[in-house]
Amino acid sequence: MNISFLPENLIRIQGWPITNTLIMAWFAMTFLIVFSGFVTRRLREVPGKVQCLVEMFIEEMVSFMTTVTGDKEKTKRFFPLVATFFLFILISNWIGILPGVGSVGIKHQETIIPLMRSMNSDLNMTLALGIISVIAVQIFGITTVGFFKHASHFISFKSPINFFIGVLEIISEMAKVISFSFRLFGNIFAGEVLLASMFFLVPLFIPLPFLFLEIFVGFIQALVFSMLTLVFLTVATSKNH
Amino acid sequence: METEAVKALAAAIAIGLGAMMPGLGIGILAGKAMEAIGRNPEAAPKIQTAMILAIAFTEAIAIYALVIALIIKFT
């Protein structure tokens, strides 16, 4: 059983390491891009089956986001970012459960290095997603309410208490990055370790409930990541903080 | 004691203690949500959404403990 905390380098291109999690990220990206290109190639007034599914998903997502933001205009502005987070994390979590991921590999000094590994079981990836989310919140806040109003949440000289609260807000932004990355990383990595252990102990039938759990956890983590980003976006762009 | 034994013990204690309070927190959250849904079944979707969000926050604390335990065990 090979459980390693860090992702394994497969090859190096011009000095850049290509890890097995990077390959899975490329698969998820390719799937999403090809699928959306295929669906939007010929949009019809009366939709066919696949276009109908996608429209259902978009409608559901927009209505869900509107319950959080409270305003359809805001939902339209935030939809690309939040829906991309949701779909990207969801697809990469789900293809990380497929057979062959984490088990098929190259033999290397008495252990097997898997050729593919779930993308979010790599702390680098989740840290990148967390940083993107927090920086996007700042950018949306600045472009919506103006630079000085947004900065006045963090640096304010109105009274000593407000100054202290501003410092706490800055620390809280750092904590959001850590929290986003470790929540996603911990859930997916622990799920991988759990599945590896279960398959190692009893390969038949017993891992089934754990596979269902991983499907469920993958969906919930994608939902939580995008919903939290949406909540922070809404708070940062609200006129009265 | 040898390093491997202490490592195993440390990992077990880290996750064992670290999962106690988040478990209690999630239980309290879900209980209050059930109560609220029972009193007002029409507001169930809103309550459910807020509950899932709050549960994700508390579960994150347990995940932090799990990550530390995994770091101790595997490096």
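Let me start with a term: a residue is called buried if 20 or more other C-beta atoms lie within 10 Å of its own, where the C-beta atoms are placed from the backbone. Please also keep in mind that what you see is a predicted model.

With that term in hand, consider helix α1 of chain B, which covers residues 3-18. This helix is hardly covered, since the count of buried residues among its 16 residues is 1. From its first C-alpha to its last, α1(B) reaches 22 Å, which is close to the 22 Å expected at 1.5 Å a residue.

Now to chain A, and to two of its helices, α4 (residues 123-145) and α6 (residues 160-201), whose axes come within 8 Å and cross at roughly 140°. The two helices, α4(A) and α6(A), are therefore oblique to each other, and the crossing in which α4(A) passes α6(A) is right-handed. Among the residues that meet there are A:Leu127, A:Gly130 and A:Val134 in α4(A), and A:Val177, A:Phe180 and A:Leu184 in α6(A). Sorted by class, this contact has 9 nonpolar, 4 polar and 2 charged residues.

Finally, how many residues of chain A are in contact with chain B? There are 15 residues of chain A, and they are in contact with 12 residues of chain B. On the side of chain A that touches chain B, α6 and α7 (207-236) each supply at least two residues, and α6(A) gives the most, with 9 residues. By class, that side of chain A has 9 nonpolar, 5 polar and 1 charged residues.

How values were computed
Residues are numbered from 1 along each chain as its sequence is written. Chains are lettered from A and ligands numbered from 1 in the order in which they are written. This is a predicted model: local features need pLDDT of at least 70, side-chain atom pairs count only at pLDDT 80 or more; totals for chains, interfaces and linings use all residues. Axes are lines fitted to C-alpha atoms, for helices over the stretch in contact, and angles run from 0 to 180 degrees between N-to-C directions. Helices (H or I, at least four residues) and strands (E, at least two) are DSSP runs, numbered from the N terminus. Angles under 35 degrees count as roughly parallel, over 145 as roughly antiparallel, 65 to 115 as roughly perpendicular and the rest as oblique. A crossing is left-handed if the near helix is turned anticlockwise from the far one by less than a right angle, and right-handed if clockwise. Two residues are in contact if their C-beta atoms, placed from the backbone, lie within 7 Å. Ala, Val, Leu, Ile, Met, Phe, Trp, Tyr, Cys and Pro count as nonpolar, Asp, Glu, Lys and Arg as charged, and the others, Gly among them, as polar. The expected span of a helix is 1.5 Å times one less than its number of residues. A residue is buried if 20 or more other C-beta atoms lie within 10 Å of its own, exposed if 12 or fewer, and partly exposed in between; C-beta atoms are placed from the backbone.
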